[in-house]
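User: I'd like to learn how to read the helix packing and backbone features of a model like this one. Could you walk me through it?

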Amino acid sequence: MNGSLTFDIAHMLAGGLVLVSFMLLYQDRLYALLNVYALHALVLSLSVAWQAHIQGAPHLYVTAAIALVFKAIVIPMALHRIVRRLGIHRDIEAVVGVGRTMLAGMGLVALSMVVMLRATPEADPLARADLAFALSVVLLGLLVMVTRRNAVSQVVGFMALENGLVLAATGARGMPLVVEISVAFSILIAFIVIGIFLFRIRERFDTVDIGALDQFRGERR
Amino acid sequence: MMEPATILLALIAVLLVTAVAAVAIARLPAATAIVYGACAAVSAVLLAVAVAALIGGRTGQLVLPLGLPWLGAHFRLDSLSAFFLTVVNLGGAAASLYGLGYGRHESAPHRVLPFFAAFLAGMNLVVVAADAFSFLLSWEFMSLASWAMVLTHHRDPDNARAALVYLVMAGFGTMALLLAFGLMAGPGGGYAFEAMRSAAHAPSTTVLVFALMLLGAGSKAGLVPLHVWLPLAHPAAPSHVSALMSGVMTKVAVYGFLRVVFDLMGDPAWWAGIVLLALGGATAVLGILHALMERDLKRLLAYSTIENIGVIFVSLGLALAFSANAMAWAAALALTAALFHVLNHALFKSLLFFGAGAVLTATATRDMERLGGLIHRMPVTSLAFLGGSAAISALPPFNGFVSEWLAFQAILQSPQLPQWGLKILVPAVGGLLALAAALAAAAFVRAFGVTFLGRPRSPASGDAREVDRFSLAAMLALAVLCLLVGILPGFVIDALAPVTRALVGGAMPAQAHVPWLSVVPVAESRSSYNGLLVFLFIAASAWLAAILVHRFASHELRRGPAWDCGFPDPSPATQYTAGSFAQPIRRVFGSVVFQARETVAMPPPGDTAPARLVVEMHDPIWERLYAPIAAAVDFAALRLNRLQFLTIRRYLVLVFLSLVFLLAVLALWS
């Protein structure tokens, strides 16, 4: 296959992930947020699968399958159930305005471009662009965590961040499968732990708005 | 014949096993005897191996598959480490022997025994380690083991404070060492000493490493102004541990400094010598002035350790200055003086701490104002302490005189240096050294006189009993060694020749064939010293004087009121006290250095309360340097305390912003 087309498709998929990250930023309903997250994971699995194809690394298909099954299907469905059981699917949350969040997101993408392009002048151009996109996705995931106050949407931000890590790991050649599997499992465990904590918080405070936790701490101070 | 390095490591492993076993058996009644006995035996064998390696010129190295996987643990025995092994194990064997008796009075032996063996093992390991990782690990092991023993009696708030200051300073020093080794290893990560020695270091790296070694090794050795922990921590430990910390651990710090600055770092510039000379001179004078003002016997000894470290560092500075100017013979003379003083100080400071421990056992106090008259109750301890005092005051024929005399011989070579700065500075530092030596003599006349002579100042002092045989044996053995080394210094100087040859590329002329056991540092026409002659002369003249006095003085029995002219009042409080002995020196030096003020608080007329003489003194270094740092840390901690009470989202924002900030710095900077 033509080298520049290969590059373009990889570029498009990684850029698509950044785009979906932007979509995460302005969702103010939980169901919509979860759906966009599922899309995020789907684009990630496509991107990983493409990397597996062009690098000729069959073990990356496993990573792509993990991303597809767990992140695009199982976890969003589980979160849907949680949201339904908690009865918070009608909640609307916006700590910072959408416009300002988007502007900050653009700034972060620019920053990660500048950092990556400066830091890796000698690297393979494909890997360079991939790394820059991956860093953008990580930063945007963090931005989601920072701008939300609902614990569920913070979990989503955290997992979007982790998707950025996977993108970075698969963009670099020769990343052993063990690393990816361990990252995947750690995220699963984190998801379980956070899920349990959500219910505990809910039991105790009748809300998953972490502002309640702050108030509780404030009383004890 | 096994490799000496293998034997050494096996013996050190035995010490470590002893430490572990001591944890298990510490509460048995026989534990003290078993652990100290084992430590004494192992130290004695280690001492024999080290002396054999030093004299026989045997070297060896060993790489064990421990520690960092790509590095391994390197150990190496060369002349420098053999000499310091000798010092460490001489002190270790003596302290273990002393501990056999002294340790019986310990109220909490399980807090001392495991750490004692571990401490000995740590000091031995530092000296044979030959890569940065093993070195730092052993160094921290040594620090923490001694720290644990400083905390033996942890309920005492003074000890807790001493341990805290010690821990902070030890951590700071190790951090400096870590940075120094990191700089020398370079980006390639050559952490083995072999790689550091062969690497070419940039001049800027050399300067930084030198400064960091001054901080790291200097803080452990007690170089002013990094000495503040030493007079707190050394006396807080049990006395035989104090002896090890003061007599031996400070020498291990000197070893670290020598190893890096003279061996691994490459050639430093000549002005590095100026830094050492100035710091050493200041350390010597300030340390001994503190000692003169002190009324706690063990703290006095700790301050005197600082003075001796100053003397050693002055000699090291001279060696650096000479060696930078390619004057190998003079550098060898100065380095020999430094190493000789290392050995001497290990001998007499251990002896004096043992003596202080014996006094503490017998009277349960370290306060000299409550002691006195012990020479009648504890004659053997007094004799040994007198020997140690004479040695540390650099009186011939004891060993202290030889090393200080060699240091002055090196100072006298300074006019041949080409740099005017050194030509002017070295005699000035020599003056400081002479002042320190004179003040040291005064300090130990005061220490011995107030503690052992006169009449008891407290009932505890009057009822003192001589201590056990083991303690006495350890003290007497060290006192005899002090005298022997003083009488036969030529053998020590010859044994040091391989060390100086390895470090500065020269050696003092061989002393073995100089007739009548004289010592000739440069040339016979310039100066020579014969300890044996001085000893025989002193012995003969004292004997003759005693005979004359007894033969020609009146034998008639006379009776009169006891001490009528000196002591009209029978109360022992009217004697000359430690405070009154120090008062003239306090007036001369203390008013400047310590801002000492004396005020007489007179009661108002008609009040029957006694008038009081109040002496107020300030520690300039603590108040000007450490107190502001502590205040700044407190202030910052108070401000940062608010970070403990942020909301979860604020923490996330904090993490996020710091990440973005660091990325922005990277983007703008690279």
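**Reading chain B**

Analyst: Happy to, starting with a helix pair: the axes of helix H6 (residues 157–185) of chain B and helix H8 (residues 203–221) of chain B come within 8 Å and cross at roughly 155°. Axes are lines fitted to C-alpha atoms, for helices over the stretch in contact, and angles run from 0 to 180 degrees between N-to-C directions. Helices (H or I, at least four residues) and strands (E, at least two) are DSSP runs, numbered from the N terminus. This is a predicted model, where local features need pLDDT of at least 70, side-chain atom pairs count only at pLDDT 80 or more, and totals for chains, interfaces and linings use all residues. Residues are numbered from 1 along each chain as its sequence is written, while chains are lettered from A and ligands numbered from 1 in the order in which they are written.

User: How are H6(B) and H8(B) oriented, parallel or antiparallel?

Analyst: Angles under 35 degrees count as roughly parallel, over 145 as roughly antiparallel, 65 to 115 as roughly perpendicular and the rest as oblique. H6(B) and H8(B) are therefore roughly antiparallel. A crossing is left-handed if the near helix is turned anticlockwise from the far one by less than a right angle, and right-handed if clockwise; H6(B) passes H8(B) in a left-handed crossing.

User: Which residues of H6(B) and H8(B) meet?

Analyst: Two residues are in contact if their C-beta atoms, placed from the backbone, lie within 7 Å. On the H6(B) side, the residues include Met169(B), Phe172(B), Leu177(B) and Leu183(B), and on the H8(B) side they include Leu208(B), Val209(B), Leu212(B) and Lys220(B). By class, this contact of H6(B) with H8(B) has 13 nonpolar, five polar and one charged. Here Ala, Val, Leu, Ile, Met, Phe, Trp, Tyr, Cys and Pro count as nonpolar, Asp, Glu, Lys and Arg as charged, and the others, Gly among them, as polar.

User: At what angle do H11(B) and H12(B) cross?

Analyst: Helix H11 (residues 271–293) and helix H12 (residues 297–324) of chain B cross at roughly 165°, their axes coming within 7 Å. That makes H11(B) roughly antiparallel to H12(B), and their crossing is left-handed. Their contact divides into 19 nonpolar, nine polar and one charged.

User: And what about H2(B) and H3(B), which handedness does the crossing have?

Analyst: H2(B) passes H3(B) in a left-handed crossing. The axes of helix H2 (residues 31–56) and helix H3 (residues 79–102) of chain B come within 8 Å and cross at roughly 155°. The contact of H2(B) with H3(B) has 18 nonpolar, eight polar and no charged residues.

User: How many residues of chain B are in contact with chain A?

Analyst: 14 residues of chain B are in contact with 13 residues of chain A. The chain B side divides into 11 nonpolar, two polar and one charged.
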